[in-house]
Amino acid sequence: PKGLEMIREIRRRFPMNPLFQFVEVLYLYESRLPKETAAEAQALLKGIEEGRKFYEPRFAPRALVGLAGAHFLMKDWAKAEEALSKAVDILEAHKGHNRWGLWALIRRGQVKDARGDRKGALIDYRRALKHLDYWELHEIAKLHVKRPAVEKDLDTPIPPP
């Protein structure tokens, strides 16, 4: 709660900064507030879509990961997978040079595993291993090639380890 209060104060002082808005998405997610997380992630996406100053298209995957996080909290796996798929599309369009897109690809594999789609999950994990390795995410993909992800694997912080 204190962190959420602090980031909101920072956002009041710097309302044009999309990074601070994303940090608020993270705090909302960590506070287990799914509706508020979804609303703030969607507001961030809207700023990107409108071309608001400083809201660059490259920020979309992180906003989509935040939106997927809201859906994780609501256990709405279909909507989570949809948000992650949009981030993966951006990753693919930029030939793997987006760490949030890579994180989304692995998270989408985890969602597919949790939904019982092991074949689809393996495709995502193996695809992830073909992209540049950011944040040592390949280790997570390799882990889930060996063992399916379960719902508990999705109950982790949004920012990669």
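How are helix 4 and helix 6 oriented relative to each other: parallel or antiparallel? Helix 4 and helix 6 are roughly parallel to each other, where angles under 35 degrees count as roughly parallel, over 145 as roughly antiparallel, 65 to 115 as roughly perpendicular and the rest as oblique.

## Basis of the model

This is a predicted model, in which local features need pLDDT of at least 70, side-chain atom pairs count only at pLDDT 80 or more, and totals for chains, interfaces and linings use all residues. Residues are numbered from 1 along each chain as its sequence is written, and side-chain values use heavy atoms, with hydrogens and water left out.

Helices (H or I, at least four residues) and strands (E, at least two) are DSSP runs, numbered from the N terminus.

## Helix 4 against helix 6

Helix 4 (residues 60–73) packs on helix 6 at an angle of about 25°, and their axes are 9 Å apart. Axes are lines fitted to C-alpha atoms, for helices over the stretch in contact, and angles run from 0 to 180 degrees between N-to-C directions. The crossing of this pair is left-handed, meaning that the near helix is turned anticlockwise from the far one by less than a right angle (right-handed if clockwise).

Pro61, Arg62, Val65 and Phe72 of helix 4 meet Trp100, Gly101, Trp103, Ala104, Arg107 and Val111 of helix 6, contact meaning heavy atoms within 4.5 Å. The contact of helix 4 with helix 6 comprises seven nonpolar, one polar and two charged residues. In this classification Ala, Val, Leu, Ile, Met, Phe, Trp, Tyr, Cys and Pro count as nonpolar, Asp, Glu, Lys and Arg as charged, and the others, Gly among them, as polar.

## Helix 3 against helix 4

The axes of helix 3 (residues 34–49) and helix 4 come within 8 Å and cross at roughly 160°. These two helices are therefore roughly antiparallel to each other, and helix 3 passes helix 4 in a left-handed crossing.

On the helix 3 side the contact residues are Pro34, Thr37, Ala38, Ala41, Gln42, Leu44, Leu45 and Ile48, and they meet Ala60, Ala63, Leu64, Gly66, Leu67, Ala70 and Leu73 in helix 4. Twelve of the residues in this contact are nonpolar and three are polar, with no charged residues.

## Helix 5 against helix 6

Helix 5 and helix 6 have axes that come within 8 Å and cross at roughly 145°. The crossing of helix 5 past helix 6 is left-handed.

Trp77, Glu81, Leu84, Ser85, Ala87, Val88 and Leu91 in helix 5 are in contact with Gly101, Leu102, Ala104, Leu105, Arg107, Arg108, Val111 and Lys112 in helix 6. By class, this contact has nine nonpolar, two polar and four charged residues.

Gln110 lies in helix 6 (residues 99–114). Gln110 has a relative accessible area of 3% and is therefore buried, where buried means under 20% relative accessible area, exposed over 50% and partly exposed in between (1.4 Å probe, protein chains only). Leaving aside residues up to four places away in sequence, Gln110 touches Tyr125, Ile140, His144, Ala149, Asp153 and Leu154. Asp124, in helix 7, counts as buried at 0% relative accessibility. With the exclusion of residues up to four places away in sequence, Asp124 touches Leu105, Arg108, Gly109 and Lys112. Asp124 and Val145 are 21 residues apart in sequence, and their C-alpha atoms are 9.5 Å apart in space.

In helix 8 (residues 138–146) the buried residues are His138, Ile140, Ala141 and His144. Seen down the axis of helix 8, they fall within an arc of 160°, so they line one face of the helix; the arc is that of the directions from the helix axis to the C-beta atoms. The buried residues of helix 8 pack against helix 6 and helix 7 (118–128).

Most residues other than glycine have a negative phi. Lys75, in the loop between helix 4 and helix 5 (77–93), is not a glycine but has a positive phi of about 60°. Trp135, in the loop between helix 7 and helix 8, is likewise not a glycine and has a positive phi of about 55°. Trp135 is partly exposed, with a relative accessible area of 30%.

Glu151 lies in the segment after helix 8 and is partly exposed, at a relative accessible area of 37%. Glu151 touches Lys75, Trp77 and Ala114, not counting residues up to four places away in sequence. The C-alpha atoms of Glu151 and Gln110 are separated by 7.9 Å, with the two residues 41 residues apart along the chain.
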